[in-house]
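User: I'm new to this one and would like to go through it with you. Could you take my questions as they come?

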Amino acid sequence: MLHTADFPLLTSIHTPADLRRLAIEQLPQVCNELRQFIIDHVSRSGGHLGASLGTVEMTVALHYVFRTPDDVLIWDIGHQAYGHKILTGRREQFAQNRKWGGLAGFPVRAESIFDAFGTGHSSTSISAALGMANASRLARNNDRVHIAVIGDGGLTAGMAFEALNHAASGGQRQVNLLIIVNDNGISIDPNVGALHEQMQQWTSDNQAEKANFFRSLNIPYYGIADGHDVIALVHQLKALQLQQGLRLLHCRTVKGKGLILAEQDQTFWHSPGKFDKHTGEIIALKKPFQPAKYQDVFGETLTELAAQNHRIVGITPAMLSGSSMQRLMDAFPERTFDVGIAEQHAVTFAAGLAAQGMIPYCNLYATFAQRAYDQIIHDVCLQKLKVIFCIDRAGLVGADGATHQGAFDIAFLRCIPNLIIAAPMNETELRHLLYTAQLPDIQQPFAIRYPRGNGVLRKWQQPFQKIPVGKGRVLLSGERVAVLSIGHVGNFVQQAAEMLATEGICISHYDMRFVKPMDEELLRLAATHRAVLTVEDGSLAGGFGSAVLEWLADHQVTVPVVRLGIPDEFIPHGEPAQQYDYCGMDAKHISFYLRKLWQQTDAIQ
């Protein structure tokens with residue numbers, strides 16, 4: 001239990017207006033209570049820990065000085081915003097953070113008037129704040145301050161540079177925009193790039209008047225401020241509050257501040273799951289058998305392949321640990337590239353490597369692959385370059401919710417010419433697809449999508465086998481109803497089929513493996529049944545099921561088809577099982593639809 005007595009000041013703060021009634025001398029205690037409150041809750045419920053611990057003093061100072069929500073505050077990368085949520089009327093609901101029906105893990109406009117802009121992806125804050133500042137200028141509201149807090153690696157993305165370039169131009173410099181650089185030196189993994197390397201050399205003394213990157217754009221620059229001295233931050237922000245136009249405050253913070261373990265291992269404690277706040281021991285559910293995570297299968301297999309093929313290289317946009325490409329970095333550092341939060345650059349960089357005969361495995365989370373769509377089309381597929389896209393976190397992702405669901409990649413990739421698209425049903429299939437994609441007879445782009453979390457097999461490290469492109473597998477041969485599945489959800493179909501077999505319902509199940517090209521032989525076989533069910537962990541609008549319908553229509557085949565997948569809406573945060581249930585594509589729902597189709601086909605000969 002969390003006791004009010006442990007948080008005497010924090011429990012008196014229901015809105016930032018309450019915070020502003022406190023004396024400035026009380027703010028360090030508010031910070032201490034807020035930090036402990038975050039640790040208490042995240043240790044019990046899981047979530048993103050390190051980033052929000054690092055912004056506690058900044059959060060308190062910003063809400064103390066500025067008139068939020070009238071003054072607009074945007075948190076770039078919502079990992080930083082737990083303290084913000086707690087101070088803006090959501091403290092009592094925070095126990096339900098990232099849970100089904102509870103608070104979202106990131107700022108959401110529909111959740112609070114204090115969440116000025118939704119920020120689940122990175123590097124958008126300056127652009128959004130600049131747009132809002134222009135709207136205020138056009139409305140003749142020049143007193144409203146617009147604050148963009150960018151950090152956690154957000155400055156490595158091209159969009160941040162584009163926004164800085166625009167904001168510092170002559171026509172924009174008069175809008176009331178304050179940029180705060182939360183310089184903590186790390187996103188999930190340590191930051192990379194020349195700007196980061198340069199900023200690490202800056203000190204308060206050598207930046208007093210010296211030219212730097214921001215000053216080179218004629219952006220009024222202030223810093224370097226101690227991001228953990230709340231009283232000094234308040235005085236600095238009050239001085240900046242009195243100014244008009246574009247200005248930038250450079251703050252230096254420590255990710256994980258206040259929890260020694262989180263300060264010492266910032267990557268792990270970015271999002272550690274549940275833990276004992278006193279000992280740091282991770283609280284894991286004890287299961288008799290825990291299959292490997294798909295990302296670990298990818299990391300281990302890629303490293304094994306790279307040992308056999310010297311032309312293989314790995315590319316990740318700031319997800320070395322998250323994608324498990326750290327294994328490749330450890331084994332072959334000269335062939336592993338972390339390009340920072342820069343998906344567009346990652347893809348075209350991979351295209352350049354491929355154009356010179358290398359075999360790049362470009363790992364992108366499905367939700368972030370959207371950010372590089374033009375590069376996938378123009379720089380890779382149009383030129384038919386052999387880039388292997390490893391689309392991690394495809395499908396439903398759990399507590400990260402709507403901003404991170406990998407719902408759209410099948411739909412937006414399958415319309416691109418020259419691109420092979422595959423999805424393994426289990427870990428061994430992923431291993432074989434990773435092997436197949438690099439074979440010399442395949443000379444075109446190849447996308448392999450796989451989900452977040454664990455697979456299903458006890459022994460997945462089987463000898464490599466080539467999978468024929470465009471060929472699926474017959475898993476069950478039954479009658480009346482055929483199920484066409486793609487990817488991991490095929491395991492749910494197998495579970496449903498086992499349940500139905502006890503009722504005398506014996507269906508056919510085909511693991512299609514490939515969205516593009518699809519196995520036409522299996523499609524023809526499915527069309528001989530009385531009904532077809534398609535199952536995918538992607539968007540129903542334009543997805544795998546749509547591809548099946550298109551093929552049936554093109555071949556003038558008439559058969560009833562029911563499609564299961566992610567509906568045409570943004571799926572909220574919660575446990576994956578809750579999301580699969582909501583979307584109607586878990587084993588329970590699959591068996592329901594199959595039973596219904598079986599009954600409906602009784603009269604069909």
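User: Let's begin with two helices: is the crossing of α19 and α23 left-handed or right-handed?

Analyst: The crossing of α19 and α23 is right-handed, where right-handed means that the near helix is turned clockwise from the far one by less than a right angle, and left-handed that it is turned anticlockwise. Please keep in mind that this is a predicted model, in which local features need pLDDT of at least 70 and side-chain atom pairs count only at pLDDT 80 or more, while totals for chains, interfaces and linings use all residues. Residues are numbered from 1 along each chain as its sequence is written, and side-chain values use heavy atoms, with hydrogens and water left out.

User: At what angle do α19 and α23 pack?

Analyst: They pack at about 55°, with their axes 8 Å apart, the axes being lines fitted to C-alpha atoms over the stretch in contact and the angles running from 0 to 180 degrees between N-to-C directions. That makes α19 oblique to α23, since angles under 35 degrees count as roughly parallel, over 145 as roughly antiparallel, 65 to 115 as roughly perpendicular and the rest as oblique. Helices here are DSSP runs of H or I with at least four residues, strands are E runs of at least two, and both are numbered from the N terminus.

User: Which residues meet there?

Analyst: From α19 come Phe492, Val493, Gln495, Ala496, Met499 and Leu500, which meet Ala587, Ile590, Ser591, Leu594 and Arg595 of α23, contact meaning heavy atoms within 4.5 Å.

User: Switching topic, what does Arg595 form with Glu503?

Analyst: Arg595 forms a salt bridge with Glu503, with the closest N and O atoms 2.9 Å apart; the term requires a side-chain nitrogen of Lys or Arg within 4 Å of a carboxyl oxygen of Asp or Glu. Because Arg595 lies in helix α23 and Glu503 in the loop between α19 and β14, the pair ties together parts that are 92 residues apart in sequence.

User: How many salt bridges does a search of the whole structure find?

Analyst: The search finds 30. One of them joins Arg473 and Asp511, at 2.9 Å from N to O, and this pair links strand β12 with strand β14, 38 residues apart. Asp511 counts as buried, at 0% relative accessibility.

Note on methods. Buried < 20%, exposed > 50% of the residue type's maximum accessible area, 1.4 Å probe, protein only.
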